[in-house]
Amino acid sequence: MRTSDVPAAGTRTGLAAAVAAAIAFSTSGILLKPLLDAGWSPAAAVAVRVALGGLVLAPAALIALRGSLRPVLQSWKLVLGYGLIAVAGTQVLYFAAIQRLPIAVALLVQYSAPVMLAVLGWATRRVPVRPIVVAGVVLSVVGLVLVVGVGGIGQAGGLDAAGIALALAAAVCLAGYYVLSAVPTPGLPPLALVSSGLIVGAVATVGVGLTGLLPLAFSTGQVELGGITMSWWEPVLVVALVATAAAYSLSIAGSRRLGARIASFAGLTEVVSAVILAWLLLGEQPDARQLAGGACIIAGVVLVRLERTTDASASVRQTGTTRAGLSSPSRSRKVPGA
C-alpha cells in the first residue's frame, strides 16, 4: 500500500462511520415520538435513553480503559461538556422540538449547525470570506425560511414558534457536539468518552428534572408505531442500543477521522433518513415548500464543504511547488484534515 493511500483509507472509514451514525441517529425521533404522544416528557425520554446507552457501552469502555478511570478523570472537562452539551442539551431540546413540530422540520432547522460552524470558523480565524461560502450560508438561510414558513409561525395552521426556537437551540448544541467529538484526547478511548458522557448526560437530565425545571413524566402504557401496537420498553430498548450506543460510538469515530465540519456534512444523511422514516411510519409528509427548503439547506452545506475542499487543494498545490515554480511530486503531501 502506498503511503498516500493511508489518509484516503482513513477518510473513507470515517465517512462510512459518520453516515452509519447519522442513519442510526435518525431512528430516535421516529421511535420515541409515540412515547412523547403517550405522555412521556422529553427529559424523561432522554434520561432513559442515554442512561441505558451509557450502561450498554460501559463494559467495552472499561476494557478500553484497562480498568482504570484515571483517563476519564483527567479529561473531566471534556467529559462534562460532552455530557451536558452534546448529549443532554442536544437531545432534550430536539425531543422538546418534535413535540411541537414535524420531525423533518425540527431536524432541518437543527442541521443548520454546519453553517454555524462555518460562521464560527470565520470569526475565530479572521480570514477573508470566500464567495462560495457566502453563497452557501445565504442558500441555507433561504432554506430555513422556506422550511419554517416565517409568515405562518404562531398562526393557525402554521408552525409553533416555541418549537422553532427549541430546534434552533438544539442546532447550537449540535454544533458543540461536532466540535467536542473532534477534540483529540490522547489516552482517553472514544468509547470511554461516549459512555461516560452519556452517563453524565443522564445524571444531569435527571438532576435538573428533580429540581422541577424540567418535567420528568413517564407512562407504562402501550404505544403505536407504524400501525403496530407495542409495549413502551420496546422502542426505548431499540433507541438505547441502535440510536444511542451504536450511533454515538460511530459518530465520534467518524469525527476523529474527518474533523468537525466534514463530519457535520456527512451527518446530513440523518435528515434524509428521518424524513423517509417519518413519512413511512408516522405519516408525516413534508409539503413542497418544506422539501424545497430542505434542498436549499443541504445545497448550502455542500457549498460550505466545497470551500474547505478548495482550500485543501490549493494547499496541496502550494506544498508541491518548488522555489523555481516547478511542481515537485516528491514533496507533495496530503493536507491533514482535508
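The largest cavity in this predicted model holds about 210 Å³ of space. How many cavities of 30 Å³ or more does the count give? By the rule used here the count comes to one. The idea behind such a search is simple, since rolling a probe the size of a water molecule over the atoms shows where empty space is left.

Sorted by class, the lining of the largest cavity has 13 nonpolar, seven polar and one charged residues.

The second largest pocket has a volume of about 190 Å³. Its lining includes Ala58, Ala61, Leu62, Leu65, Leu69 and Val72, and Leu73, Ala192, Ser195, Ser196, Ile199 and Val200 also belong to the lining of this pocket. Which elements give two or more residues to the lining of the second largest pocket? They are helix 2 (42–64), helix 3 (70–74) and helix 9, and helix 9 gives the most, with five residues. By class, this lining has 10 nonpolar, two polar and no charged residues.

Helix 9, which covers residues 190–210, also packs against other helices, as described next for helix 4 and helix 10. Two packed helices are described by the angle between their axes and the distance between the axes.

| Helix pair | Angle between axes | Distance between axes |
|---|---|---|
| Helix 4 and helix 9 | roughly 60° | within 7 Å |
| Helix 9 and helix 10 | roughly 135° | within 9 Å |
| Helix 5 and helix 12 | about 170° | 9 Å |

The residues of the contact divide into 13 nonpolar, five polar and no charged.

Helix 9 and helix 10 cross at roughly 135° and are therefore oblique to each other as well, again with a right-handed crossing. Here Pro190, Leu191, Leu193, Val194 and Leu198 of helix 9 make the contact with Thr244, Tyr248, Ser249, Ile252 and Arg256 of helix 10. By class, this contact has seven nonpolar, two polar and one charged residues.

Is helix 5 roughly parallel or roughly antiparallel to helix 12? Helix 5 and helix 12 (residues 269–282) pack at an angle of about 170°, and because angles over 145 degrees count as roughly antiparallel, helix 5 is roughly antiparallel to helix 12. The contact brings Ile103, Ala104, Leu107 and Leu108 of helix 5 together with Glu270, Val271, Ala274, Val275, Ala278 and Leu282 of helix 12. By class, the contact of helix 5 with helix 12 has nine nonpolar, no polar and one charged residues.

Terms used
Residues are numbered from 1 along each chain as its sequence is written. This is a predicted model: local features need pLDDT of at least 70, side-chain atom pairs count only at pLDDT 80 or more; totals for chains, interfaces and linings use all residues. Side-chain values use heavy atoms; hydrogens and water are left out. On a 1 Å grid over the protein atoms alone, a cavity is a set of points where a 1.4 Å probe fits but cannot get out, and a pocket is an open set with protein on both sides within 12 Å along at least five of seven lines; lining residues have an atom within 4 Å of a point. Grid points are joined across faces, edges and corners, and a volume is the space filled by probe spheres set on the points. Ala, Val, Leu, Ile, Met, Phe, Trp, Tyr, Cys and Pro count as nonpolar, Asp, Glu, Lys and Arg as charged, and the others, Gly among them, as polar. Axes are lines fitted to C-alpha atoms, for helices over the stretch in contact, and angles run from 0 to 180 degrees between N-to-C directions. Helices (H or I, at least four residues) and strands (E, at least two) are DSSP runs, numbered from the N terminus. Angles under 35 degrees count as roughly parallel, over 145 as roughly antiparallel, 65 to 115 as roughly perpendicular and the rest as oblique. Contact means heavy atoms within 4.5 Å. A crossing is left-handed if the near helix is turned anticlockwise from the far one by less than a right angle, and right-handed if clockwise.
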